[in-house]
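Reader: Hi! Could you walk me through this one?
Author: Happy to, here it is.

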Amino acid sequence: MNRKKPEPMQVVKQRRDGALTALAASIPYAQFLGIEFERRGDELTSTLKYDDKLIGNPMLPALHGGATAAFLEVTAVIELSWASLWTDIENGTIDVDTLGPDTLPRLPKTIDFTVDYLRSGLPRDAYARARVNRSGRRYASVHVEAWQDNRSKLFAQATGHFLMPSRDG
Amino acid sequence: MIDKPEFAKVFMEAVPHNNALGMKLISVGDGVVETEMPYDERFIGDPKTGVIHGGVVYALMDASSGTAVIAHKSNPVSTATIDLRIDYMRSATPGQTIRARAECYHVTRTVAFIRATATDDDRDNPVATATGTFTVEHAE
């Protein structure tokens with residue numbers, strides 16, 4: 001058996017984190033809202049850092065439904081793009097060193113997005129994870145869940161359909 | 001008797017997130033509002049094209065819909081989104097103000113049903129449409 005030697009961990013991490021950073025940084029509105037991504041293997045978790053400008057009901061106070069929706073949509077799009085790029089990132093087809101706004105593949109386009117508001121969003125950080133239920137050549141369906149203090153108590157969830165970017169640029 | 005347009009204006013514009021996105025209330029009718037939000041580079045979703053992020057349009061639709069509920073003649077004092085679905089028909093043209101029209105077309109004692117449309121300068125081709133349900137809270 002002539003098995004390929006595993007790559008050093010740092011090389012693998014650097015490549016994956018580099019790709020994720022480039023992907024997340026490619027959406028100015030995600031920066032404006034304060035959305036960050038963390039990775040464990042291929043699993044992504046996004047954080048919406050609390051800020052006063054995210055408040056939608058000053059009396060309660062509660063997060064704005066629009067801010068929550070955008071947070072969920074960004075999480076869904078990044079997860080979908082990440083999942084479809086994963087193979088290319090792993091086998092080196094995508095050169096992470098040159099990955100920037102001009103070289104990144106186009107992001108999937110949202111066709112529709114439906115948000116369920118389960119309880120009001122508290123004025124503190126929120127977290128979300130997305131699951132790609134189906135990703136075809138042209139269309140994809142993604143489910144997203146968001147929570148704050150307690151993972152099992154979601155404050156919002158969403159389902160969206162997306163148009164995949166054409167693979168030939 | 002409360003001043004409906006004034007109450008709706010406060011409801012729309014006193015909200016920090018609506019303010020951060022530059023939303024303005026343009027007109028108020030019975031359960032119908034028109035709003036707008038100017039183009040801003042911080043709201044871009046795709047730097048290659050300069051098109052604003054769908055999430056910004058969603059926020060305008062959500063805020064406008066809630067304000068349409070407040071503007072309904074049954075006089076709700078507060079409302080919250082139960083669910084809202086948005087359909088993105090096309091990309092908004094970069095540089096143009098987004099306008100939304102939200103209509104609360106049916107209200108029960110507890111639930112308000114809304115629909116909304118967003119356009120840019122090309123008024124005949126909507127950028128997005130939305131439908132949703134909202135809670136209705138009346139004064140005790």
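Author: One term before we start: a salt bridge here is a side-chain nitrogen of Lys or Arg within 4 Å of a carboxyl oxygen of Asp or Glu. This is a predicted model, where local features need pLDDT of at least 70, side-chain atom pairs count only at pLDDT 80 or more, and totals for chains, interfaces and linings use all residues. Residues are numbered from 1 along each chain as its sequence is written, chains are lettered from A and ligands numbered from 1 in the order in which they are written, and side-chain values use heavy atoms, with hydrogens and water left out.

Reader: Thanks! How many salt bridges are there over all chains?
Author: The search of the whole structure finds 19 salt bridges. One of them joins Arg16(A) to Glu90(A), with the closest N and O atoms 2.8 Å apart.

Reader: Which parts does that pair tie together?
Author: Arg16(A) lies in helix H1 (residues 9-25) of chain A and Glu90(A) in helix H3 (residues 65-90) of chain A, so the pair ties together parts that are 74 residues apart in sequence. Helices (H or I, at least four residues) and strands (E, at least two) are DSSP runs, numbered from the N terminus.

Reader: Is Arg16(A) buried or exposed?
Author: Arg16(A) counts as buried at 18% relative accessibility, while Glu90(A) is partly exposed at 25%. Buried means under 20% relative accessible area, exposed over 50%, and partly exposed in between (1.4 Å probe, protein chains only).

Reader: And how do H1(A) and H3(A) cross?
Author: Their axes come within 11 Å and cross at roughly 145°. Axes are lines fitted to C-alpha atoms, for helices over the stretch in contact, and angles run from 0 to 180 degrees between N-to-C directions. Residues of H1(A) in the contact include Arg16(A), Leu20(A) and Leu23(A), and those of H3(A) include Trp82(A), Trp86(A) and Glu90(A); contact means heavy atoms within 4.5 Å.

Reader: Switching to sheets: what order do the strands take?
Author: 12 strands form an open sheet, in the order S1(A)-S2(A)-S6(A)-S7(A)-S8(A)-S5(A)-S5(B)-S8(B)-S7(B)-S6(B)-S2(B)-S1(B), with antiparallel pairing. S1 of chain A and S1 of chain B are the edge strands, each pairing on one side only. From one strand to the next, the twist averages 20°. Two strands pair if DSSP finds at least two bridges between them.

Reader: What lies across it on the chain A side?
Author: H3(A) lies across S1, S2, S5, S6, S7 and S8 of chain A together with S5 of chain B, and runs at about 50° to S6(A).

Reader: Which residues are on the covered face of S1(A)?
Author: Ile35(A), Phe37(A) and Arg39(A) are on the covered face, whereas Glu36(A), Glu38(A) and Arg40(A) are on the uncovered one. In a regular strand the side chains alternate between the two faces of the sheet. Arg40(A) is exposed, with a relative accessible area of 56%, and stands opposite Glu43(A) in S2(A).

Reader: How many bridges join S1(A) to S2(A)?
Author: Six bridges join S1(A) to strand S2 (residues 43-48) of chain A, and the two run antiparallel. They form a hairpin with two residues between them, where Gly41(A) in the turn has a positive phi of about 60°.

Reader: What about the hairpin of S1(B) and S2(B)?
Author: That hairpin has three residues between the strands, and Gly31(B) takes a positive phi near 70°. Four bridges join S1 (residues 24-28) and S2 (residues 32-37) of chain B, which run antiparallel. Leu25(B) stands opposite Thr35(B) in S2(B).
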